Amino acid sequence: MTTLPELAARRCYRVVNPLHSAIYFAPDFGQELAKLGLEDSAAAYFVGRAAPMGRAGAGTITATFFNFSHDLIARHIPAAWDVVSPEAALDARLRAADSVLRRVLGEDVIASKEMAEAAELALRATEACSRLARPLYAAHADLPVPDAPHLALWHAASLLREHRGDGHLMTLVSAELDAVEALASHTATGQGMSTKWILRTRGWSAEEWEAGRQRLRDRGLLTADNELTEAGERLRQHLEKETDRLDAAPYEHLGAEGVARLTELATAFSTTARENGAFPADLRGKS
């Protein structure tokens, strides 16, 4: 039985996660990898997110990332590991997180007592995360916690992101959604990536994207004009509620007061980051 107000954990996650994910939309990590000889931006994402798992193969990355085309991943992995080792990628990723957060938050925020407080709260929440059946989280959980508060918060945000993400994949598999169907149904909610960004980054062709949408229509989940049907709405709501259930432990551990305070602090930080251009304006949308 939850002791938190309804949706409190989800709201907290949604404002903490941008503090991690901003690195994926900034040039900093790619620039750090380019200095090491890896200049392909698509390879940078796979290397950066998979590095905690060591020299992971394309199959492992496809399984754990879920919504990318395996062909796209195999185009870069394992060859990228011959250019940049996982250890070098992790060091480069932390340098990039430092430069991105300093730019989008500002030095005063980085040095503030609120930043230290948020880091402490987020790290406390991660104490209750579980490694079981959560490979991306488990790999990240083996990494050391950085000393600097803003990097400790980034690390904690990474753990909370991958813990929830691994649980979410369990719900997608249970609902018998493949990668394209999961993306297309999420896009139809208006909360997911826009079609343009998906086709640009996930490796699916326009034909594969439309075929996935058609499979959703055949299941009665999507209308002819790519809106969710009532059944589609119910499915997406079920997926989020089930993900909340699987991800409840860290927020229950932090407690209602801690969750509320972390939400307050992270909302201010993520709002500042967005206002300072941390994310593309057209990242989300139904079209």
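User: How do I read the accessibility of arginine 131: which class does it count as?

Analyst: The idea is to sort residues by relative accessible area: buried is under 20%, exposed is over 50%, and partly exposed is in between, using a 1.4 Å probe and protein chains only. Arginine 131 comes out at 44%, so it counts as partly exposed. Keep in mind that this is a predicted model, where local features need pLDDT of at least 70, side-chain atom pairs count only at pLDDT 80 or more, and totals for chains, interfaces and linings use all residues. Residues are numbered from 1 along each chain as its sequence is written, and side-chain values use heavy atoms, with hydrogens and water left out.

User: Which side chain does arginine 131 meet in a salt bridge?

Analyst: A salt bridge here means a side-chain nitrogen of Lys or Arg within 4 Å of a carboxyl oxygen of Asp or Glu. For arginine 131 the partner is aspartate 142, at 3.1 Å from N to O. They're eleven residues apart and link distant parts of the chain: arginine 131 sits in the loop between α8 (113–126) and α9 (135–141), and aspartate 142 in the loop between α9 and α10 (149–174). With a relative accessible area of 58%, aspartate 142 is exposed.

User: Where do those helix labels come from, and how many helices are there?

Analyst: They're DSSP runs numbered from the N terminus: helices are H or I runs of at least four residues, and strands are E runs of at least two. The protein chain has 15 helices and zero strands. Its radius of gyration (taken over C-alpha atoms) is 19 Å, close to the 19 Å that the globule rule gives for 287 residues, so the chain is as compact as a globular protein of that length. That rule is 2.2 Å times the number of residues to the power 0.38.

User: Which parts does the salt bridge between arginine 215 and aspartate 178 tie together?

Analyst: These two side chains meet at 2.9 Å, N to O. Arginine 215 belongs to helix α13 (residues 206–218) and aspartate 178 to the loop between α10 and α11 (179–188), so the bridge ties together parts 37 residues apart in sequence. Arginine 215 is partly exposed at 32%, and aspartate 178 is partly exposed too, at 29%.

User: What about glutamate 240 and arginine 236: are they buried or exposed?

Analyst: Both are buried. Their side chains form a salt bridge of 3.8 Å, N to O. Because they are four residues apart in helix α14 (residues 230–246), about one helical turn separates them. Salt bridges that share partners join Arg10, Arg164, Arg236, Glu240, Asp244 and Asp247 into one network.

User: Now a contact example. Which residues is aspartate 166 in contact with?

Analyst: Contact means heavy atoms within 4.5 Å. Leaving aside neighbours within four places in sequence, aspartate 166 touches Arg134, Pro135, Leu136 and Tyr137. Aspartate 166 lies in helix α10 and, at 5% relative accessibility, counts as buried.

User: How much of the whole chain is buried?

Analyst: Buried residues make up 53% of the 287 residues. As for contacts between residues at least 6 apart in sequence, 77% join residues at least 24 apart. Along its principal axes, the C-alpha trace spans about 55 × 50 × 35 Å.
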